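Biologist: I would like to learn how to read strand pairing and helix packing. Please take me through one case.

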Amino acid sequence: MTTTLDTYPRDVRAAVERTRVVVAALHAELPRWGLVVWTAGNVSQRVPVPGGPDLFVIKPSGVTYDELTPESMVVCDLDGTLVDGTRSPSSDTAAHAYVYRHMPEVGGVVHTHSTYATAWAARAEPVPCVLTMMADEFGGPVPVGPFALIGDDSIGRGIVATLRASRSPAVLMRNHGPFTIGADAKAAVKAAVMVEEVARTVHISRQLGEPLPIAQHDIDSLYDRYQHVYGQGSAPALSAATTTPEENHA
């Protein structure tokens, strides 16, 4: 199916093309960090046009990462309907669309099947907040969302219901894997990298014994400092820059 953006104003078309470039480039970060295999996983981002149409760019379904280009990215509206592109959208498009419809502060969504985070999801067990890195990034444990089948907005409903009640930008959808959100796709990719890092570290810690919890007042203090003081100036919780885990906590 081929559709066209020709009916949209020039500024919208230009914003779509810029977003395609960003989303295509960010997909390369998923295999780089070992978060996906073969064609699994996806990144999406809203098209930032103030007062313009509600659109987002997402990976096409079943395309390997080394085949992805800006031109191969597809554009959908917030109902998940294809607006522009020559391929079918990702099978997770309905979930991404539901998140964008119901969480207007979210500008990017990422889904991976990263090994350690998905292992916790298979157990339907939240990752406990036993690391200062977790307090910084997630403001507490990484929560588990409900089991949901792929194909409609059931996964999206579970993501929204879980994350609305949490400071975490990541949710482990039961028996499925992690979904992350951010102010833009770069922030959501960062959250995907970080949730795998903490899931791995806490798993290893458990092999040595029971990890020690962090007191809630210390979690709150760490989260507030990291979200509002750390780095080169204060920033909203959903807009941290993407760097390595080590750089973000240096």
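Modeller: Two strands pair if DSSP finds at least two bridges between them. Helices (H or I, at least four residues) and strands (E, at least two) are DSSP runs, numbered from the N terminus. This is a predicted model: local features need pLDDT of at least 70, side-chain atom pairs count only at pLDDT 80 or more, and totals for chains, interfaces and linings use all residues. Residues are numbered from 1 along each chain as its sequence is written, and side-chain values use heavy atoms, with hydrogens and water left out.

Biologist: In which sense do β5 and strand β8 pair?

Modeller: Antiparallel, over four bridges; β8 spans residues 177-182. Gly108 stands opposite Gly182 in β8. Strand β1 (residues 42-46) also pairs with β5 in the antiparallel sense, over four bridges. There, Val43 faces Val110 of β5.

Biologist: Are the residues on the two sides of strand β5 buried or exposed?

Modeller: Buried means under 20% relative accessible area, exposed over 50%, partly exposed in between (1.4 Å probe, protein chains only). In β5 (residues 108-111), Gly108 and Val110 on one side are buried, and so are Val109 and His111 on the other.

Biologist: What describes two packed helices?

Modeller: The angle between their axes and the distance between the axes. Axes are lines fitted to C-alpha atoms, for helices over the stretch in contact, and angles run from 0 to 180 degrees between N-to-C directions. Here, helix α3 (residues 93-102) and helix α6 (residues 154-163) have axes that come within 7 Å and cross at roughly 40°. Therefore α3 is oblique to α6. Angles under 35 degrees count as roughly parallel, over 145 as roughly antiparallel, 65 to 115 as roughly perpendicular and the rest as oblique.
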